[in-house]
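Subject: Structure for you to look at

Hello,

Here is the structure I said I would pass on. My notes on what turned up in it follow below.

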Amino acid sequence: MQLGRSQHLPQNCLPIVQVRPLQRRCVGSLPCQQVAAVRPRRLSSGRGGLLVASAVDMSATPISSTDAADGLDILFDNSSDPECTVVTVEGKDKTHLLMSLTGGFSSSGLTVISASITSDDGRVLDVFRVQTADGKKVPEDQFALVREHILSVTSSTSRSSMPAIYGIVAAAEVERLKPLKGQAAQNEVDSLELAAAEMAAAAAELVATEREIISLRQSNAESRLLQAKEAARTEAAAGLERKMAAMQAVLAARRNMAAAPEKQKSQAEKLLDTLKPPAPTRAAAGAGSGSGYEILLQGFNWESHRQRLYKQLSDRVKDISDAGFTAIWMPPPSDSVSPQGYLPRDLYSLDSAYGSEGELRDLIANFHQHNIKVIADIVINHRCANSQGSDGKWNKFGGRLAWDASAICSNNPAFGGRGSPKQGDDYAAAPNIDHTQERIRNDIINWMKYLRNSIGFDGWRFDFVRGYLGSYCKQYIDETVPAMAFGEYWDSCEYTDGVLNYNQDAHRQRTVNWCDSTGGTSAAFDFTTKGILQEAVGRREYWRLVDSQGRPPGVMGMWPSRAITFIDNHDTGSTLNHWPFPSRNLPEGYAYILTHPGTPCVFYDHLYQDDGGLRKCIRELLFVRKRNGLNARSKVVVKKSAADVYAALIDDKVAVKLGPGDWSPNHSGVRVNGKELKLASSGFQYAVWEAQS
């Protein structure tokens, strides 16, 4: 085909878009012959830019024809590039034109390999290198068809007859779907269409911002204006990531919905089921989270050393027992450089900022009288020296465990370590202890046996377990036989452009892997659930609360008997506030963890430093959990997961709803033994129902 204009670009053209091929698949009830794909795609611009497009089978979909009334001239060239068809688009610029163009190529079944974009005084000269889905040039007999389609989707007055949800005219789609916003979607198709339109609108905003940045750079605009626009681009990219995550959740929900329902069983089949051996479950020897019915209280915060904690707790033992707690997690008991106990020095010296050894013994005995297990915080990744060694470094330990620099990992040069290299993450503030040495492990085991057998502790919370191998935890657990054991495996969740990714499977898998490395003898804090839950309730993204397989999305969805669920602790909340749960959503958070599987841990501040009814909420939910026998292995059936509401049925006994959206088990036809469920607890954006007796 003869070119009417040169395909060469001016010197100031900037590369902006690269598009990867899109695999085809069915969407909803539309046949594969009509829709090749409707899913988010990432188009890299080299500056963090993202677009959304879809591919539609051109042979099966009629194309609306239009002329070049909007002033676009589209030219094709198969001769100047050895691998691609070069498409030149020249003419009048308009809002979101780049998105429409790339969407038009994609919905024509073409892959954009690269693009050069320029604009000047309301005119554009955009050059695209494109290929067919099989990596070839576009056949010349298809040029007219593709041109007609691109003109159609870029026209301001006409639209393609293809499915509306491919997102080319994003603003119009969101406007059309406004009745769905702010309320639960009427059905799954509405949810899909709304998510797709919002995602496309977010993409259009990002692309428009990218074009404005290009224009500002070409006009040598003030740096202040450029910085402001680049900040807007970052925000727009984050907004798009959030909408893409929502779409991912909607598609996951549709996959779950499409799963074949279990057929109704006859009475004979149900009887046979009861005679079958139980399905194998993930089993492990050792402590883990105890019986599975444990309910844990963290009995301190970051400032508790100021209040003589042991005496303070002695006055609250009965209240803690009456609330339904079965175990309490205590702070590190040993002498420490820091008053909080996390820089231990003389391990056997149990006179600390929290109180004396005698007060600790009396407190533990008091808890035991009320059938409450007492869990010690064990800090053994590192230990502070009492004095400087001959090399002038702090590596000479005192007390009953008078170690020297040979007990410190060799890759801890600040402390002159002469032991084996560190096997885990470094802790910079104190000497990292070498657990590879049998004599060191024996010293730690003997100290833990002293805490267990003489002082009376029932179990262990292992601090900073990323610093040493889980196999050592297994040995410490096997040798001391605690009633409970769990580790602090604090790992960062996955984010993109500052937005929490919907899929956190890799994050929770790392925690599960650590539990596996202990032989399953230790549970772990479910940081995955915390991260997802606080994002869901804080941003009204309740679709986050179910994974792609219909399970809870945290560790509780993979290995619930090894998940210690929590809302906040002394690090994330309290006065440190490293990663706090949104305060007004705390009732929702507790409604979730106190009804769901895993072993819940309530934070001290939320029970005893509350002035807004949170204590009442927690106590009500604790009673619901106890009355209904909910436990670490309880079964969860997610009933609804949308932007504004999450609902689930647990053990066919308890229903929970989070979020401002409308849902109740009785209106949804949920019955237990033929009876409606009764409201047991409610508060800000949550409600919990239980079966009637």
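Predicted model: local features only at pLDDT ≥ 70, side-chain atom pairs only at ≥ 80, totals over all residues.

Strand 9 (residues 296-298) and strand 20 (residues 599-603) run parallel and are joined by three bridges. Leu-296 stands opposite Cys-601 of strand 20.

The largest nonpolar core has 113 residues, and the members that touch the most others are Phe-457, Phe-462, Tyr-590 and Leu-658. Helix 10 (residues 438-455) gives the most to this core, namely seven residues. A second, separate core holds 22 residues, among them Leu-72, Leu-98, Ala-115 and Phe-143. As for Leu-658, its contacts beyond four places in sequence include Leu-533, Tyr-542, Tyr-646 and Tyr-686.

There is also an open sheet of five strands, ordered 21-22-23-25-24 and paired antiparallel. Strand 21 (636-641) and strand 24 (678-683) are at its edges with a single partner strand each, so one side of each has no neighbour in the sheet. Ignoring direction, neighbouring strands here are turned by 15° against each other on average. Five bridges pair strand 21 with strand 22 (residues 646-650) in the antiparallel sense; Val-638 has Ala-648 in strand 22 as its bridge partner.

Regards

Notes: Residues numbered from 1 in each chain as written. Heavy atoms only, no water. Core = buried A, V, L, I, M, F, W, Y, C linked by side-chain atoms within 4.5 Å. Buried < 20%, exposed > 50% of the residue type's maximum accessible area, 1.4 Å probe, protein only. Helix = DSSP H or I, 4+ residues; strand = E, 2+ residues; numbered from the N terminus. Contact = heavy atoms within 4.5 Å. Pairing = 2+ DSSP bridges. Axes fitted to C-alpha atoms, helices over the stretch in contact; angles between N-to-C directions.
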